[in-house]
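Let's take a walk through this model together. Have the sequence and the 3D view open side by side as you read.

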Amino acid sequence: IDGLNSGYGIHVAGVSANHLDNITIKNSIVNDFAYSIMLDYMDDSLLDNVSINSSSNVGLYPFGSSRNKFNNLTITNPSSYGLFVGSSHDNNITSGIVADSDIGLFLHVSSGNIIKNFNITGHATQGIKFNTANSDNNLFYNNFFNNTLNVDNDIGASSYFNTTKTAGTNIIGGSWTYGNFWTNPTADNFSGTCTDADRNRICDD
């Protein structure tokens, strides 16, 4: 689907009094819209194998949407936000790329979401921005962050950036999943400089 840098590419148009559910969007390429995919009040649905490029505002914008599965996403070159999660809770956002926007992932009044297996890189302002303190209890693990500022949480939202150490290939090819890989354009952020004496690709400190 190709646009002219305005409007919606795909718009699921539920309303607060009538949420839509059991919707599947998959195997889609959406280019050059203001809001490439807008999901208003959509619950218990699936977004899978979707590519979004060159949004003039937001790549993917779930609003008032909960308990969804967003898998295998590629979001590149949005102008403002790669993924804007607004008033949306308990979603599983699993595997993909969010790259080269102003802010990669923006969380506004959104809690209980799981974000894992993502490359969040090349964002001019922040990789992740928490906009409200009640964007809490979100879980991030096995993600690769490479931004000048990876996380902006000045607002004090309470979220988590590691999980139970579990055997399995992690995002940089190690043998355990646990936390995230943190670097920046000059490669002097935490994961690039920490000690890993046992060479399990998890920082020792």
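Is Trp-182 buried or exposed? Trp-182 is buried, with a relative accessible area of 17%, where buried means under 20%, exposed over 50% and partly exposed in between, using a 1.4 Å probe and protein chains only. Before going further, note that this is a predicted model, in which local features need pLDDT of at least 70 and side-chain atom pairs count only at pLDDT 80 or more, while totals for chains, interfaces and linings use all residues. Residues are numbered from 1 along each chain as its sequence is written, and side-chain values use heavy atoms, leaving out hydrogens and water.

Now to the aromatic rings. The structure holds 13 aromatic pairs; rings of Phe, Tyr and Trp (its six-membered ring) pair if their centres lie within 6.5 Å, and planes under 30 degrees apart count as stacked, over 60 as edge-to-face and the rest as tilted. Tyr-61 and Phe-84 make a tilted pair, at 4.5 Å centre to centre and 40° between the planes. This pair links distant parts of the chain, with Tyr-61 in strand 7 and Phe-84 in strand 9 (residues 81-86), 23 residues apart; strands here are DSSP runs (E, at least two residues), numbered from the N terminus. Tyr-61 is buried at 16% relative accessibility, and Phe-84 is buried at 11%.

Trp-182 has a ring partner too: its ring centre and that of Phe-145 are 4.4 Å apart with the planes at 10°, so the pair is stacked. Phe-145 lies in strand 15 (residues 144-146) and Trp-182 in strand 19 (residues 181-183), so the pair ties together parts that are 37 residues apart in sequence. Phe-145 is buried, at 0% relative accessibility.

Next, find Ser-55 in the loop between strand 6 (46-53) and strand 7 (58-63). Ser-55 is buried, with a relative accessible area of 2%. Its side chain joins that of Ser-36 through a polar contact of 2.5 Å (a pair of N or O atoms within 3.5 Å; within protein, one must be able to donate a hydrogen and the other to accept it, and residues adjacent in sequence count only if both atoms are side-chain atoms).

For contrast, turn to Lys-26 in strand 3 (residues 24-31). Lys-26 is partly exposed, with a relative accessible area of 43%. Leaving aside neighbours within four places in sequence, Lys-26 is in contact (heavy atoms within 4.5 Å) with Asp-48, Asn-49 and Val-50.

Notes. Helix = DSSP H or I, 4+ residues; strand = E, 2+ residues; numbered from the N terminus.
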